[in-house]
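User: I would like to learn how to read the features of a protein model. Could we go through them one at a time?

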Amino acid sequence: LLPRSLDIVPGSALDFSPFLADAPAGKYGAVTATKDGHFAFAKRAKPQRFYGVNLCFGANYVEHAEADALADRLMRIGYNTVRIHHYEEDLID
């Protein structure tokens, strides 16, 4: 992870979290596809865009404090989804 000194300052012009932090997760229901092919939440008739990052291998297994810091950092830079990839390699012998 980046040093904390390089984090985006909460409330700064680079902080996208006010546009993304609409807790709790799931309050608008499941994600569905609309008739015109866009994503939307079942309880909200507004199209939804997803911007994400891919986490692989060891990035899927970080300590709790690191996971919290990573989630905060990803939200501040504008990501609202994460793909967890190649996690199963460490689950088998």
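Analyst: We begin with salt bridges. A salt bridge is a side-chain nitrogen of Lys or Arg within 4 Å of a carboxyl oxygen of Asp or Glu. Keep in mind that this is a predicted model.

User: How many salt bridges does a search of the whole structure find?

Analyst: The search of the whole structure gives three salt bridges. One of them joins Arg73 and Asp7, with the closest N and O atoms 2.6 Å apart. Arg73 belongs to helix H2 and Asp7 to the segment before H1, so this pair ties together parts that are 66 residues apart in sequence.

User: Are Arg73 and Asp7 buried or exposed?

Analyst: The general idea is a cut-off: buried means under 20% relative accessible area, exposed means over 50%, and partly exposed is in between. Here, Arg73 and Asp7 are both buried.

User: Which salt bridges does Arg76 form?

Analyst: The side chain of Arg76 meets that of Asp15 in a salt bridge, at 2.9 Å from N to O. Because Arg76 is in helix H2 and Asp15 in the segment before H1, the pair ties together parts that are 61 residues apart in sequence. Arg76 also meets Asp72 in a salt bridge, at 3.3 Å from N to O. Arg76 and Asp72 are four residues apart in helix H2, so about one helical turn separates them. Taken as a group, Asp15, Asp72 and Arg76 are linked in a network of salt bridges.

User: What is the volume of the largest pocket, and how many residues line the largest pocket?

Analyst: For a pocket, read the volume and then the lining. The largest pocket has a volume of about 930 Å³, and 36 residues line it. Leu20, Ala21, Tyr79, Asn80 and Thr81 are the lining residues nearest the centre of the pocket.

User: Which elements give two or more residues to the lining of the largest pocket?

Analyst: Those elements are helix H1 (17-20), strand E3 (44-47), helix H2 (64-76) and E5. H2 provides the largest share of the lining, five residues. Sorted by class, the lining of the largest pocket has 24 nonpolar, seven polar and five charged residues.

User: Where is Tyr79 placed?

Analyst: Tyr79 is in the loop between H2 and E5. With a relative accessible area of 30%, Tyr79 is partly exposed. Tyr79 and Phe16 are 63 residues apart along the chain, and 8.6 Å separates their C-alpha atoms.

User: How far apart are Ser12 and Arg76 in sequence and in space?

Analyst: Ser12 and Arg76 are 64 residues apart in sequence, and their C-alpha atoms are 9.7 Å apart in space. Ser12 is in the segment before H1 and is partly exposed, at 27% relative accessible area.

User: Which residues form a nonpolar patch on the surface?

Analyst: Tyr61, Val82, Ile84, Tyr87, Leu91 and Ile92 form this patch, and together they have about 620 Å² of accessible area. Leu91 is found in the segment after strand E5 (81-85). Its relative accessibility is 59%, so Leu91 counts as exposed. Asn54 is in strand E4 (residues 52-56) and, at 37% relative accessibility, counts as partly exposed.

User: What is the phi of Phe57?

Analyst: Phi is a backbone angle to read together with the residue type. Phe57 has a positive phi of about 50 degrees although it is not a glycine. Phe57 lies in the loop between E4 and H2, and its relative accessible area of 38% makes Phe57 partly exposed.

Key
Residues numbered from 1 in each chain as written. Predicted model: local features only at pLDDT ≥ 70, side-chain atom pairs only at ≥ 80, totals over all residues. Heavy atoms only, no water. Patch = residues over 30% accessible without salt bridge, like charges linked within 9 Å, V, L, I, M, F, W, Y side chains within 5 Å. Areas by Shrake-Rupley, 256 points an atom, 1.4 Å probe, with all protein chains shown as cover. Buried < 20%, exposed > 50% of the residue type's maximum accessible area, 1.4 Å probe, protein only. 1 Å grid on protein atoms, 1.4 Å probe; cavity = no way out; pocket = protein on both sides within 12 Å on 5 of 7 lines; lining within 4 Å. Points joined across faces, edges and corners; volume = space filled by probe spheres on them. Nonpolar A, V, L, I, M, F, W, Y, C, P; charged D, E, K, R; others polar.
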